[in-house]
Amino acid sequence: MGDTFVVSGLTGKRAEVAGRIAALEKEMAQMRADLLHIDAVLRLYGEAEPEAIPPKRPIKRNDWFRVGECSRMVLDALRRADAPLTTREMTERLLAAKGQPTDDARTRAMVQRTVLGTLNRMKGMVEKIEGRPGADATWRLVE
C-alpha cells in the first residue's frame with residue numbers, strides 16, 4: 001500500500017519535471033532564435049563582433065526584499081543601534097521589521113546570507129570589525 005503511494009507520487013513528480021524541462025527547452029530555442037536575429041542586426045550595422053560580447057550573468061533576486069530595500073534596512077538598523085551589530089543581530093532585526101519569524105533557522109540563514117552580501121557591497125558606508133575567528137562579523141557605520 002505504502003509503495004503504491006510513493007510510486008504514484010514519483011510518477012507525478014517525474015511528469016512535472018519533464019514538463020518543466022520541455023518548457024525550458026522551448027524557451028531556450030526561442031532565445032537562440034532571438035540571439036541569431038540580434039547578431040544579424042549587429043553585423044548589418046558593423047558593430048562589434050557579436051561572439052566577442054561576453055554573456056551577462058542574470059541577477060537572481062530573493063523573495064524577502066524589494067530592490068534596494070535590504071540596503072536601506074541595514075543602514076537604518078545600524079543608525080538606530082547603540083553599538084555595532086553582528087550579522088545575526090542585524091538579520092533578526094530585519095526579519096522582525098518585515099514581520100517574519102526569527103526562529104525559523106532555514107529562513108534566518110538565507111536572509112543572513114543576503115544581509116552579509118549586502119554589507120560586503122556597501123564598502124565605504126559600513127565597516128567590518130574583526131572579531132574572534134568563527135564568530136559572526138560585527139558591523140558599524142563608517143564615520
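**Helices, core and salt bridges**

Gln112 is found in helix H4; helices here are DSSP runs of H or I with at least four residues, strands are runs of E with at least two, and both are numbered from the N terminus. Before I go on, this is a predicted model, in which local features need pLDDT of at least 70, side-chain atom pairs count only at pLDDT 80 or more, and totals for chains, interfaces and linings use all residues. Residues are numbered from 1 along each chain as its sequence is written, and side-chain values use heavy atoms, with hydrogens and water left out.

Back to Gln112: is this residue buried or exposed? Gln112 counts as buried because its relative accessible area is 17%; buried means under 20%, exposed over 50%, and partly exposed in between, with a 1.4 Å probe and protein chains only. Leaving out residues up to four places away in sequence, Gln112 touches Thr87, Arg88, Thr91 and Asp136, where contact means heavy atoms within 4.5 Å.

Next, helix H3, residues 87-97. Its buried residues are Thr87, Met90, Thr91, Leu94 and Leu95. Looking down the axis of H3, these fall within an arc of 135°, so they line one face of the helix; the arc is taken from the directions from the helix axis to the C-beta atoms. They pack against helix H2 (69-80), strand E1 (85-86), helix H4 (105-121) and strand E3. After H3 comes Gly99, with a positive phi near 75°.

Now the core. The largest nonpolar core has 19 residues, and those with the most contacts inside it are Val74, Leu78, Met90, Leu94, Val115 and Leu119. A nonpolar core here is a set of buried Ala, Val, Leu, Ile, Met, Phe, Trp, Tyr and Cys residues joined through side-chain atoms within 4.5 Å. H2, H3 and H4 each supply at least two residues of this core, and the largest share, six residues, comes from H2. What does Val74 touch? Beyond its neighbours within four places in sequence, Val74 is in contact with Met90, Leu94, Val115, Thr118, Leu119 and Met122.

On to strand E3, residues 138-141, where Thr138 lies. Thr138 counts as partly exposed because its relative accessibility is 21%. Outside four places in sequence, Thr138 touches Pro84, Leu85, Thr86, Glu127, Lys128 and Ile129. Thr138 and Arg88 are 50 residues apart in sequence, yet 9.0 Å apart in space, C-alpha to C-alpha.

Arg88 forms one with Glu92, with the closest N and O atoms 3.4 Å apart. Both lie in H3, four residues apart, about one turn of the helix. Arg88 is partly exposed at 36%, and Glu92 is partly exposed at 29%. Elsewhere, salt bridges that share partners join Arg43, Glu49 and Glu51 into one network. Arg43 meets Glu49 at 3.7 Å, N to O, and Glu51 at 2.5 Å. Glu51 counts as exposed, at 55% relative accessibility.

Last, the surface. Val41, Leu44 and Tyr45 form a nonpolar patch there, with about 380 Å² of accessible area together. Patches are made of residues with over 30% relative accessible area and no salt bridge, with like charges joined within 9 Å and nonpolar side chains (Val, Leu, Ile, Met, Phe, Trp, Tyr) within 5 Å. Areas come from the Shrake-Rupley method with a 1.4 Å probe, and for residues only the protein chains shown count as cover. Val41 lies in helix H1, residues 2-44.

Note on methods. Salt bridge = Lys/Arg side-chain N within 4 Å of Asp/Glu carboxyl O.
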